[in-house]
Amino acid sequence: MREKLDTNALFLGPKAENADLFEKLMMDAFRDHIFWRRNFHPEDPLALSQTDKRSQPYEETVDVFQSRFYELLSKLKKSVPYHSPRYIGHMISDLLMPALLGYLSTMLYNPNNVSYESSPVTSEMEIEVGRDLAAMMGFDPVKSWAHLTSGGTVANIEALWVIRNIKYFSLVAKDIAVKYQKNIEVQMPNGSIKSILEIETDFELLSLSPESLSELAFKFFEIDWGFNIEQEVYKHKRNISHSGMSDVPTSKILVPSSKHYSWPKAAEILGIGRSNIIPVEVDENFRMKSSDLMEKLKVLYEAKSPVLAVIGIVGTTECGSVDPIDEIVAIRNNYEKEYNSSFYIHLDAAYGGYARSLFLDENNEFRAFDEIINTVDPSWTDNKVYKAFEAMKDVDSVTIDPHKLGYIPYPAGAIVFRDKRVKPATLCKAPYINNTTKSDDEDAYIGAYILEGSKSGAAAAACWLAHKVVPLNKNGYGEIISIPVNNAAVFYELLESLNPIKLNIDGKEVFVETQILNRPDIDILLYCFNIKGNTSLDQMNRINSILIDELSFSTDKVAAAHDFVVSSTDLGYEIYGNALNKALNQLGIDINEWQQDGSIVKVLRSSIVTPFLKKDDLKEYYWNNFSVSLVQTIEKVVKEGGFVS
């Protein structure tokens, strides 16, 4: 067994320090593929002769091909330098070499994982990857169901699709059971047992717990109906898969106001409607407020309005915040006991999902809190974050993006369901996909149960090889992810030390105040600047807008002209409301100007995803340079922007 993972051997590097290793393995992959082609029926004649290759049209075509290829390479030089520690913008960095090599090697074979017939190798890899992710979430890999998607948006839509179909199946089951007088016992959320024939209202049926709904579906199809029950279910007037959402009650989805834009999309696509997404307030660290969730759930229960799901976020894409998942789980437990009503809990952990590896030992056991804070920067000691990650095992489904903190190439999202009995909820077969190639693992037949059609087998291979080299625990991904977590804490302290920034503008002393808007739950920080004495939000936004332009990546400049690169966002009053009051007060901004419809605060945003700032000398070099560059840029903006009279 390997004693310790050396992260230095896992990435190509900011200066391509591991170029020799990468080139060797890439050439091994290419040559191996060539041998594979040549050894498939070697008796077959060549399709292309040397004479063919000496023809004038062939040579002219090669000339065009090479010319356009070098044009492509030239254009790519304007790409964003994600590989460098100087890039601290969006949530992307250098990629794991095992993932890159897995992707590039498999891309040559071009498997399509929608059908086991066309991807017998990579489909099994995908299911193995899914079980890895399930285990990392604390789910039982044998009882769970997980697969890859093109990204978190598709995973979120699919999760809601599955949840919607299972929830509303209870209405069809009740109608058919009444019609044929079939007694099916159902466990109610408070633990009592009822016959489905005794459940009187649609609200009660739509309030069953996820476990009870899965059990109901299992029992329903186990009954010997004496005829084709699948056809009766499919054509039933309240089967939303067949008839749409027109003859059923509307359910609500509760999501933090910090939600990703995929949630309104999902509600619209699935016919639930954007108006049925209920935003839950967030606190000063942009985490869901449990008190507001409880209040909204109570109001919905009193109105007998069913709740489809509560969405928690582990690493919001804007702020990197981690919602109190343990509190959401506790609220559901109390809701079931007090109101005899339940709902699904889905986690949008597209960004933060892989960070759970930091909390797991080599046996996938959740580590003690004291052990965690000895692994990362001492300032990262928020017990709320620890409890949130611990409680992920108690939710029903999770979205995870390997192409974020998994350091896997795009596209590689994932959806993980704790209970694999949800699979039939979205079954949709294609007549030309017959699974004539047989697998011992039933889960390898992916395509009939998922949202997407054609899907990359190369992404599955990338994840598979990455997971084989880098375990999903403290000794693998935890080792990597501790680096950005530590550096986010260092970056936080650096920004705090720059408050205020003292400038000399044409002989006049000017102070610029630094405001950090969040203590990083993982590795994303939001921050902004204001000239001391300015009370105008509009003026502060103007300062930060120009500063953002200076520090953002632009194809109008050569890549090396960017000293450091950050990203930005606009925090709107309609979304964040009172969560920003304290920060704006500290900056001296008139709160009345903020508390207006359409008001925004322009902020700088840094995702400290780079895995290279582990050594103390490198940390000192890059963060000192960033400090100097930031102060120089602020001085330029204040001086040239006419902000000082």
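E211, E215, D419 and R421 form a network of salt bridges, a salt bridge being a side-chain nitrogen of Lys or Arg within 4 Å of a carboxyl oxygen of Asp or Glu. The model is a predicted one, in which local features need pLDDT of at least 70, side-chain atom pairs count only at pLDDT 80 or more, and totals for chains, interfaces and linings use all residues. Residues are numbered from 1 along each chain as its sequence is written, and side-chain values use heavy atoms, with hydrogens and water left out.

Helices (H or I, at least four residues) and strands (E, at least two) are DSSP runs, numbered from the N terminus. E211 is partly exposed at 48% relative accessibility, and R421 is partly exposed with a relative accessible area of 31%. Here buried means under 20% relative accessible area, exposed over 50%, and partly exposed in between (1.4 Å probe, protein chains only).

The whole structure holds 29 salt bridges. Another of them joins the side chains of K468 and E128, at 2.8 Å from N to O. K468 belongs to helix α16 (residues 457-469) and E128 to helix α5 (residues 122-137), so the contact ties together parts that are 340 residues apart in sequence. K468 has a relative accessible area of 48% and is partly exposed; E128, with 30%, is partly exposed.

A further salt bridge lies within one helix. The side chains of D292 and K296 meet at 2.7 Å, N to O. These two residues are four apart in helix α12 (residues 290-302), and therefore about one helical turn separates them. D292 is buried, with a relative accessible area of 11%, whereas K296 counts as partly exposed at 23%.

Helix α17 (residues 477-497) can be described by its span and its surroundings. The helix has 21 residues and reaches 31 Å from its first C-alpha to its last, close to the 30 Å expected at 1.5 Å a residue. That expected span is 1.5 Å times one less than the number of residues. Of the 21 residues of α17, 17 are buried, so the helix is largely enclosed by the rest of the structure.

Strand β14 (residues 565-572) is also mostly covered, with six of its eight residues buried. β14 has strand partners, where two strands pair if DSSP finds at least two bridges between them. Strand β1 (residues 87-88) runs parallel to β14 and is joined to it by two bridges. In this pairing, V566 of β14 is the bridge partner of I88. With strand β15 (residues 600-607), β14 pairs in the antiparallel sense over six bridges. There, G572 stands opposite I600 of β15.

S67 is partly exposed, with a relative accessible area of 42%. S67 and P141 are 74 residues apart in sequence, and their C-alpha atoms are 50 Å apart in space.
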